[in-house]
Amino acid sequence: MSIIDSPAYEIAHKVKHGELSAVAVLEAALERVAAVDGRPGTLDGGLLTDEDQAKVHAFITLTADRARVQAEQVDARVRAGEDVGPLAGVPVTFKDLYCLRGVRTTAASRILSNFTAPYSATTVERVEAAGAVTLGKVNLDEFAYGSSSESSAFQPTTRNPWDPARVPGGSSGGSAAAVASGQGCLSLGTDTGGSIRQPAAFCGVVGLKPTYGRVSRYGIIAFGSSLDCPGPLARDVRDAALMLSVIAGPDPCDSTAATVPVPNYLEEIDRGVKGMRIGLSPDFLRIAFPDPHTGEIIMEDLADEICDVTLRAADKLAAAGAEIIENIPMPNSAYGIPVYFVISRVEASSNLHRFDGVKYGYRSQGDFGDLNEMYRQTRAEGFGLEPKLRILMGMYVSAAQYSEHYYQRALNVRSMIRADFAAAFDPQGDYRLDALLTPTAPTPPFKMGDIYGDSLLMQYADQLTVSANHAGVPALTFPGGLSQEGLPIGLQLIGPDFAESTLFRAGYAFEQATADETWRAVKPRVLTEAGL
Amino acid sequence: MTDEITPELFAKLVNLAAFAFDPKEAEYLRTELNKQLKAIRQLESVALDAEVPLASRGVTYAPESRPPLRADAWTPCENPDEILAQAPQVVDRYIIVPNIPHTELE
Amino acid sequence: MSGKLKHTPERNKEGPMTEYEAVIGLETHIQLNTITKIFCGCKADSWEDPPNTNICPVCAGLPGVLPVLNEEAVRKGARLAAAMHAEVRLVSYFDRKNYFYPDLPKGFQISQFDQALGNGGYLDVPMPEGYVRRVNITKLHLEEDAGKTKIEGGQRLVDFNRCGVPLVEMVTEPDLRSADEAAQYLIRLRQLLRWLGISEADMEKGHLRCDANVSIRPVGSMYLNPKTEIKNVNSIEAVRAAAVMEIERQIALVEAGRRVESWTLDWDDAHNRLKKMRSKETEADYRYFREPDLLPVVVTAEWRDDIIQHLPELPLERRARFMEAYGLPEYDADILTADRPISEYFEAALAAYGGDPKVLSNWIMNEVLRMQNELGLSADALTLTPKHVAGVIKMVEAGTINVATGKALLVKVQESGTAPEAIVASEGLGQVSDDAALLAVIDGVLAAHPGEVVSYRDGKEGLFGWFMGQVMRETHGKADPGKTRALLQKALKGQ
């Protein structure tokens, strides 16, 4: 086993104490990239070879030189007796929505394919200041618009390390796949409707969507500004807590970053679940979606294997001392996707207005006599189909004459979704939950190409995650077991505002309770096939 | 059910969004939009709860968790040239774009 | 005059003549004079800075940036709202106004739509003809300024330095009835902004910019006709000229049986003409929605009340008080409240002087304002203080010096900074009012000009002024004119 498969927490501890050099860790990470990633995503990436189809393709930009300088600095500072920080020597990756000064930042879109960020995101600065080593920028759905990472303009797109014929999930697919395959220990992703949790679940890793406002959004290319939450992907709960403790907290550059004190997540993580009230909701064990032909809503129970994994986890937590409360009503979460179709599109179309070929990024070549012609050609050529679809929908449902009917109504229902959570978590209420336990995704990872192109079905992959974004509450996903096909199944714990600590405790308790189970020893196929 | 977004309405949206499409792309997008709108129309049947206050975001900010407004103090940007360097066309520090034609009044 | 316009009679020889009135609303954009921009730490003022130097990731609209609201912009906006008698909302919101334009880096402007900082309000504008026009305010909100574009060689050049300068957009109801009224409104608004110290309000520098909505209707009717919006009328004169031109154009159209269309026009200042923007640009749907990146602006009732309580007396109120309390003519009151420093100067001088306000008004309007204009200083920047002025007038009234000496003395005080009393003492400028001294001078003058004395005594009384001049010359202007006159009369009569 390579050092790169160790928890970040241990690597940082060893590097800080001079037991391990950051350069050695970096070498191990780069070796892993060379072994499993294949070629990075590029514009017009060409046809997929057989080899391409067996690789992960997590990266868009590998920043090996920058990483080497950082690793050497970490080692020098350790030798000088300085405190390097809680992420000393830990190789990390960033979803390519995070601005990193001096490095290309593409959002996996042609329209930003030549954009070099002149500034860094607050989170990136905090991670680097904590001693982390930046391995590179990883792939995603174009502008984070998707649940499979297949919409990236940078091809080959990321594949699932557990089965490269399947999607890694999305939109933080590169982050999840990189972490799962040991290409770095930690990654920062973003979650607007499930974009951290669903790929984390698909790739068998831990992912946290923090409370809205817990982590600064400054410097992260926006999708749905009222929904976007930056957060960590990690291989275990403690590493996720470590990363959150580095990035959380107020930021003078983000007016929505709440001035709520950041607790010591690591100190509290092993306090167990004794006395914790954990809920199960029937509304999260079935999905609702419209029949594409009739428009009628079809309700379907989730597959048995997904329900079983969820209920088994409830038993484990109960055995560890938690109280399980069943039949928590979350009726409005069924509207999560329709509401999301409206709100996220309105915000996305506005956020994408700035990509017009004037100031940065791609501009269509040609001698334009009319500014509007330049706009149209630039945007037509620069955006892929999914951004176009989202822009058009956003334009439509926020147009003056339709806004009342669609946008205002969606905001209303969003508040009702929030109210369901408030009732479930109300300390004086009927349920008094500390957390709600649900599956993360309605299915295990699906095959590449199976859903891509059907924008409706793809969106419904976020059905179990999107409500937390509407409500703003934190949600943690962690591996719960494997499907009959040997694919990861993720579980989700949703808590009240700023209760990340509770979620970490419960997730960590589940990890401890299942540490010796056989499924935990199973490695992603790309690793076993590479003899790793 | 008739399509909510007709080809005419679609063309108007495309113009507002400053896009251009070939017919095949346009038809795909229009089909997907109409599919999505069918899902969105589920919301029409929701009995809205007037008691629930409307907010632009999920989390409510208690007064003590709202960041203060910015003090009016100058913090010069260290690298405006790096920002300008990203522009596709620059002459004498001006960003260049095509003109917008005007017409004279009679 | 009530702002009515008569059409040119030649155009409509048959039929009754229609009289039209203009219906004008003004949309003003006011740059607040904060140190920094509204949503980032760049300085607000980039006058004469090279293009695209005063920019940062936030105001240049880079991907991933977020706005952080400048507290001082809220405070200054609230001061204006309070001064316009508008409600200052305790909770207001920012919204996104989405549109494409190269000077708008984010592709949306952060503005306030339905729940703005200010609600309602009005300005009572006194017109030179004597009536007062109440101009109601329909919109008063905070927003960010866009950059600047200019055209050279068929290309558009974009400079983002101005992006993010805090603006108050203030829109009037269509309450103005002529081009002159529109100009007066702007004059009074500019005065108010400077008075409050919230904007430099220099129209040439774009601190105060104006778009005019113009329509016409037959006098006496109450309905509103389609209006045109004239953009970029950025001086008082341009507002007047553009409005006059557009009113004439609309009357001519209507008289010719055609309709006025709701166009957006551009005022071309260089050529004094209106240009039409392509109609496509005017079909806008801004798709306003709440700015998710900013929390609601919440102010306390105490904060708001503090703003209201600390508002200075406003220029038009002070103007009225100067007329009422001091009995000043409207003309004087207007000039003495033209700006806040001069009005405070007047009142401070009045307190020190304690005499007739009109006497003081004359001194200030004639002497101090001239000095101020010559030096290009505002009243509060003069070395000559209100107390100095009062001292000089008192010396004149006490007969210590004469008026001419007093006027010269004001200049000396301004140049030296020395108190006027000290200058009079050290330079011996005191008036000669001692009878014996004056008589000695008079006797000398009479003795030196026996011929003139004879002529005077023969009835040529017009020579009296000449004798007075001789005495003044001998005393270097210090002779007390009253006493001199009495003594000279006696002496000439040989008494």
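**Figure 1. Buried residues of helix 16 of chain A.** In this helix, Glu500(A), Ser501(A), Thr502(A), Leu503(A), Phe504(A), Arg505(A), Ala506(A), Gly507(A), Tyr508(A), Ala509(A) and Phe510(A) are buried. The model shown here and in the other views is predicted. Why is helix 16 of chain A largely enclosed by the rest of the structure? Eleven of its 14 residues are buried, so the rest of the structure largely encloses it. Helix 16 covers residues 500-513 of chain A. From its first C-alpha to its last it reaches 20 Å, close to the 20 Å expected at 1.5 Å a residue.

**Figure 2. The open sheet of chain A.** Eleven strands make up this sheet, and their pairing is mixed. Their order is 2-4-3-6-8-7-14-15-13-9-12. Which strands are the edge strands? They are strand 2 (59-62) and strand 12 (323-325) of chain A, each of which pairs on one side only. From one strand to the next, the twist averages 30 degrees. Helix 16 of chain A packs on the sheet and touches strand 7 (206-209), strand 9 (277-280), strand 13, strand 14 (475-482) and strand 15 of chain A. The direction of helix 16 makes about 10 degrees with that of strand 14 of chain A.

**Figure 3. Strands 13 and 15 of chain A.** Strand 13 (residues 435-439) and strand 15 (residues 488-494) of chain A run antiparallel and are joined by four bridges. Leu436(A) has Ile494(A), in strand 15 of chain A, as its bridge partner.

**Figure 4. The contact between chains A and B.** Chain A contributes 64 residues to this contact and chain B contributes 46 residues. On the side of chain A that touches chain B, the elements giving two or more residues include helix 10 (336-351), helix 11 (371-382) and helix 12 (385-398) of chain A. Which helix gives the most to this side of chain A? Helix 13 of chain A does, with ten residues. By class, the side of chain A that touches chain B has 39 nonpolar, 16 polar and nine charged residues.

**Figure 5. The contact between chains C and A.** Here 28 residues of chain C are in contact with 34 residues of chain A. Strand 5 (95-98) and strand 11 (155-159) of chain C are the elements that give two or more residues to the side of chain C that touches chain A. That side of chain C divides into 18 nonpolar, four polar and six charged residues.

**Figure 6. Domains of chain C.** The domain assignment gives domain 1 (4-305), domain 2 (313-427) and domain 3 (435-492). The centres of domain 1 and domain 3 of chain C, taken over C-alpha atoms, are separated by 67 Å.

Definitions and conventions. Residues are numbered from 1 along each chain as its sequence is written. Chains are lettered from A and ligands numbered from 1 in the order in which they are written. This is a predicted model: local features need pLDDT of at least 70, side-chain atom pairs count only at pLDDT 80 or more; totals for chains, interfaces and linings use all residues. The expected span of a helix is 1.5 Å times one less than its number of residues. A residue is buried if 20 or more other C-beta atoms lie within 10 Å of its own, exposed if 12 or fewer, and partly exposed in between; C-beta atoms are placed from the backbone. Two residues are in contact if their C-beta atoms, placed from the backbone, lie within 7 Å. Ala, Val, Leu, Ile, Met, Phe, Trp, Tyr, Cys and Pro count as nonpolar, Asp, Glu, Lys and Arg as charged, and the others, Gly among them, as polar. Two strands pair if DSSP finds at least two bridges between them. Axes are lines fitted to C-alpha atoms, for helices over the stretch in contact, and angles run from 0 to 180 degrees between N-to-C directions. Domain bounds come from an automatic or database domain assignment.
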